[in-house]
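Trainee: I have the sequence and the structure open. Can we go through some questions about it?

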Amino acid sequence: MDRRQFIKTTGALGALASIPGFAHPSPGKVLVLGGTRYFGPVLVEELLRQGYEVTLFNRGKTNPHLFPELTKIRGDRETLDGQGLSALNASKTEWDWVVDTWQGSSKCVVDTALMLSKRVAQYQYVSTVSVYDNWDKVGITETDALNPLPSKSEPLATENRYALRKTFAEQALAELMPDRSATFRSHGMRGYPTTASRHEPYWQVKVMRGGDLVLPSDIDYYQVTDMVSLARFMIACGQTQSMGPYNVCYPPMLFRDFIQNIVEQTNSKVKLHWIPQAFLLAHDVKLMRERPAGRYRFNVDKAIRSGLVNRPQTMLLADQLQGYFDRNPKDDFGFGKPQTATISTQRESEIIRLWEKHRKS
């Protein structure tokens with residue numbers, strides 16, 4: 001099977017009706033804050049497929065052409081006095097739940113939660129495993145300690161890093177809506193879209209292309225979040241009104257198995273060059289981060305017990321490749337750009353020659 005046939009027959013796009021167990025529940029009303037960028041469209045499309053009535057609240061500046069059939073409330077959450085939420089407040093609509101993916105200052109989450117606290121049964125917040133303080137532990141669970149915060153609240157203009165902004169938001173929701181909030185701690189979301197061109201799927205595309213591929217030989221585990229599986233789990237939690245924090249990702253997988261699955265599913269003729277991480281780092285090649293020990297070993301048992309069903313990785317792979325080819329129809333994307341965990345084909349050849357020379361010396 002060639003890669004395009006693999007994508008067509010395996011990917012989730014347009015194929016949901018054939019998935020065992022997929023059913024449309026009784027429609028409800030869901031408010032999505034944002035909804036037109038990155039994970040937002042994946043979630044909105046899943047809600048619509050399952051028969052929900054969706055309202056979007058955003059500024060109308062990012063991908064405004066998406067979802068023309070939906071009710072859209074315009075506003076801006078980044079205002080000091082909260083006046084940017086006035087249109088949302090004036091709507092007086094009640095929803096079954098609200099979804100918030102905000103990653104800026106937690107003040108925006110506080111303002112929105114205060115306004116909607118009596119109009120939604122559940123406040124869903126898409127968070128991250130970066131909220132955990134100590135990644136040295138293998139098997140981090142939802143009860144492990146979060147990042148210590150520098151203050152009790154966060155101003156709108158903040159220089160806090162991403163992990164602290166998310167931690168502040170979780171803390172605020174735990175205080176404002178302790179029994180009516182659910183947080184979903186993702187671990188590197190993967191799927192059809194990317195946040196930027198520098199995040200094109202490296203391993204998937206490189207394996208699919210074939211030829212020589214450099215890999216770190218002593219990286220044991222790998223772990224990511226599938227966007228579609230996350231979206232479905234969030235909807236399931238909305239239906240059952242399941243609250244609290246959840247680690248949402250695939251269970252830890254062996255990195256070599258992850259790569260081998262791509263080889264097999266794409267029928268690739270790639271030649272794998274497994275090289276020790278120490279050698280790669282000594283030559284300024286940073287393809288993977290192996291420390292701390294818990295980086296790719298987060299525990300997802302709670303989410304699985306609560307209904308998380310991760311799609312087969314073949315479906316995620318198909319979605320990633322479909323997105324890649326939609327953005328790069330000529331398959332001419334060049335890896336190895338600055339600030340990415342990738343290397344160019346030229347650099348890859350150099351590393352292979354250096355490694356072969358080292359082995360023979």
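Trainee: Which residues in H6 meet H11, and which residues in H11 do they meet?

Mentor: Keep in mind that this is a predicted model. Helix H6 covers residues 202-209 and helix H11 covers residues 313-327. On the H6 side the contact is made by Gln204, Val205, Met208 and Arg209. On the H11 side the residues are Leu317, Gln320, Leu321, Tyr324 and Phe325.

Trainee: How is H6 oriented relative to H11?

Mentor: The axes of H6 and H11 are 10 Å apart and pack at an angle of about 80°. Angles of 65 to 115 degrees count as roughly perpendicular. Therefore H6 is, relative to H11, roughly perpendicular.

Trainee: By class, which residues does the contact of H6 with H11 have?

Mentor: Arg209 of H6 is one of the residues in this contact, and Arg counts as charged. Gln204 and Gln320 also take part. By class, the contact has one charged, two polar and six nonpolar residues.

Trainee: Is Tyr324 buried or exposed?

Mentor: Tyr324 lies in helix H11. Leaving out residues up to four places away in sequence, Tyr324 touches Glu200, Pro201, Val205, Arg209, Asp331, Asp332 and Phe333. Its relative accessibility is 0%, and so Tyr324 counts as buried.

Trainee: Which residues of the largest nonpolar core touch the most other members?

Mentor: This core has 37 residues. H6, strand E8, helix H8, helix H9, H11 and helix H12 each supply at least two residues of this core. The residues that touch the most other members are Trp203, Phe255 and Leu287.

Trainee: Which residues is Leu287 in contact with, leaving aside its neighbours within four places in sequence?

Mentor: Leu287 is among the core residues that touch the most other members. Beyond its neighbours within four places in sequence, Leu287 is in contact with Tyr202, Trp203, Val214, Pro216, Leu280, Ala341, Thr342 and Ile343.

Trainee: How many residues of H7 are buried?

Mentor: Helix H7 covers residues 227-240. The buried residues of H7 include Met227, Phe233, Cys237 and Gly238. Ala231 and Ile235 are also buried, and a second, separate core of 30 residues includes Ala231 and Ile235. H7 is largely enclosed by the rest of the structure, because the number of its 14 residues that are buried is eleven.

Trainee: How far apart are the end C-alpha atoms of H7?

Mentor: H7 has 14 residues, and at 1.5 Å a residue these should span 20 Å.

Trainee: Is Thr183 buried or exposed?

Mentor: Thr183 lies in strand E6. Not counting residues up to four places away in sequence, Thr183 touches Tyr125, Glu170, Gly244, Pro245 and Tyr246. Buried means under 20% relative accessible area. The value for Thr183 is 7%, so Thr183 is buried.

Trainee: Is Asp284 buried or exposed?

Mentor: Asp284 sits in the loop between H9 and helix H10. Asp284 is not a glycine, yet it has a positive phi of about 60°. Its relative accessibility is 60%, so Asp284 counts as exposed.

Trainee: Where does Gln339 lie?

Mentor: Gln339 has a positive phi of about 65° although it is not a glycine. At 71% relative accessibility, Gln339 counts as exposed. Its place is the loop between H11 and H12.

How values were computed
Residues numbered from 1 in each chain as written. Predicted model: local features only at pLDDT ≥ 70, side-chain atom pairs only at ≥ 80, totals over all residues. Heavy atoms only, no water. Helix = DSSP H or I, 4+ residues; strand = E, 2+ residues; numbered from the N terminus. Buried < 20%, exposed > 50% of the residue type's maximum accessible area, 1.4 Å probe, protein only. Contact = heavy atoms within 4.5 Å. Axes fitted to C-alpha atoms, helices over the stretch in contact; angles between N-to-C directions. Parallel < 35°, antiparallel > 145°, perpendicular 65-115°, else oblique. Expected span 1.5 Å × (residues − 1). Core = buried A, V, L, I, M, F, W, Y, C linked by side-chain atoms within 4.5 Å.
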